[in-house]
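This report describes a few local features of one protein structure.

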Amino acid sequence: MIRHGVNSVSRVWLRSKVDYNVLGSSVRFASNSSYEPEYDVAIVGGGIVGMAAARELSIRHPNLKLCVVEKEDRLAAHQSGHNSGVIHAGIYYKPGSLKAKLCVEGLHLSYKYLDEEGIPYKKCGKLIVALNDLEVSRLMDLYGRAQLNGVPDVKLIDGSEIKKYEPYCKGVKAIWSPHTGIVDWGLVTEHYGKNFRDNGGSIYLDFKVTGFELTEDKPGSTEVHPEYPVRVYSKDKAVRCKYVLTCGGLQSDKLAELSGCSGDPHIVPFRGEYLLLSKEKAHMVRGNIYPVPDPRFPFLGVHFTPRMNGDIWLGPNAILAFKREGYSYFDIDLKELWQAVSYRGFQRLAIQYVGFGIGEMLRSIFPRLQVSTLQKFIPEIKASDIKRGPAGVRAQAMNRDGSLEDDFVFHRESECKLGARILHCRNAPSPGATSSLAIAKMIADKCKEEFDIA
């Protein structure tokens, strides 16, 4: 099923650069101005979760003054704009987890929103394919999860039925998820931003937060407006507010530390590199084709993902990025790399999965090594049919014991005066985009409860 938007907002409104501007507001910062605008709530982070939350707050509380500050010159600059574009149905996630609940809720909310906004999408479905008896056993466990999670209309199909959905795919059994789809989540984020602006919100680009402070705690402070006690600042600008919500993605632990909170869970960046299937073989993939996860390994593995422009992405792998926003081997930040490899949790993970990690590195350097895995699903694919494609970076939240933080995490440090005024979204990985509208509702509930906003 293909939906074509008739009133999709152009990306131009985010691309034009001004020295320092506020989208949707007449407020401007002169280069030598000490003016610091005041807001009820400031949202840090212009990714899909931050913008969804800002939009929801602006709908629920039309009288609040709200702003978003984003360190890049556009919204959705990193994870929200560098992902597979899948609209997930909620099959994989542990029953009872926030991921399971919010993904299924977000699935329905997303399709409703996409239709209302006229945003193009394709409801192309997904096959999760078992290749042998061991994987069939794991597939049945997945199907049980899907039932418990309330995933709509999933069904088990035998190997003989697979070709009805994917003519070139082979397997012994599969789960068919008809409501899995694809969309440009970066474009969706921009629509959230437009909704937020239309509701009176302000978006500040090129605003890299370098600190938070309670102005009442400053020595000799004589604040004129003490009702806005939190100062959110960068090197050359600042806003005042009553409360803060951070949705920093790859920078979420750094933002927490800036506010006096713990750095755990710690963010370790993993780059996911995709391959592109040749145009001549692209017709062999109709929808999403996924493997059955191997519980011995921390990441899902290579899958087939169609894109809105007709491309077919193969992957991703999972390798340590040398920079938090490092999309290639040439993107290196020695300080951030040291922070990753010196973190005790990463060291324990690396030791546990040393063989898996070496294999991923080799497949990254020599992409043709992935062909044998791809051929297990579609035998006609050859090494000459693939080439290097785009990459994204996953903000993997990790604990000191080496365990991966597997669910959405939100935190407020109520024991200190500054921390009590800041709600942190510490972990919102996939299916964060699909879940974004549902996450936004939960965040809005938390803000009302924690901050007692009217």
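Buried means under 20% relative accessible area, exposed over 50%, and partly exposed in between, with a 1.4 Å probe and protein chains only. The model is predicted: local features need pLDDT of at least 70, side-chain atom pairs count only at pLDDT 80 or more, and totals for chains, interfaces and linings use all residues. Residues are numbered from 1 along each chain as its sequence is written, and side-chain values use heavy atoms, leaving out hydrogens and water.

A disulfide is a covalent bond between the sulfur atoms of two cysteines. Here a disulfide is taken as a pair of cysteine sulfur atoms within 2.5 Å, and the count comes to zero. Two cysteines are listed below.

| Cysteine | Relative accessibility | Closest cysteine sulfur |
|---|---|---|
| Cys67 | 0%, buried | Cys241, 6.8 Å |
| Cys447 | 0%, buried | Cys247, 8.6 Å |

Asn199 lies in the loop between helix H6 (185–198) and strand S11 (202–204); helices (H or I, at least four residues) and strands (E, at least two) are DSSP runs, numbered from the N terminus. With a relative accessible area of 37%, Asn199 is partly exposed. Leaving aside residues up to four places away in sequence, Asn199 touches Arg55, Ser58 and Ile59, where contact means heavy atoms within 4.5 Å.

Leu362 sits in helix H10 (residues 354–365) and is partly exposed, at 40% relative accessibility.
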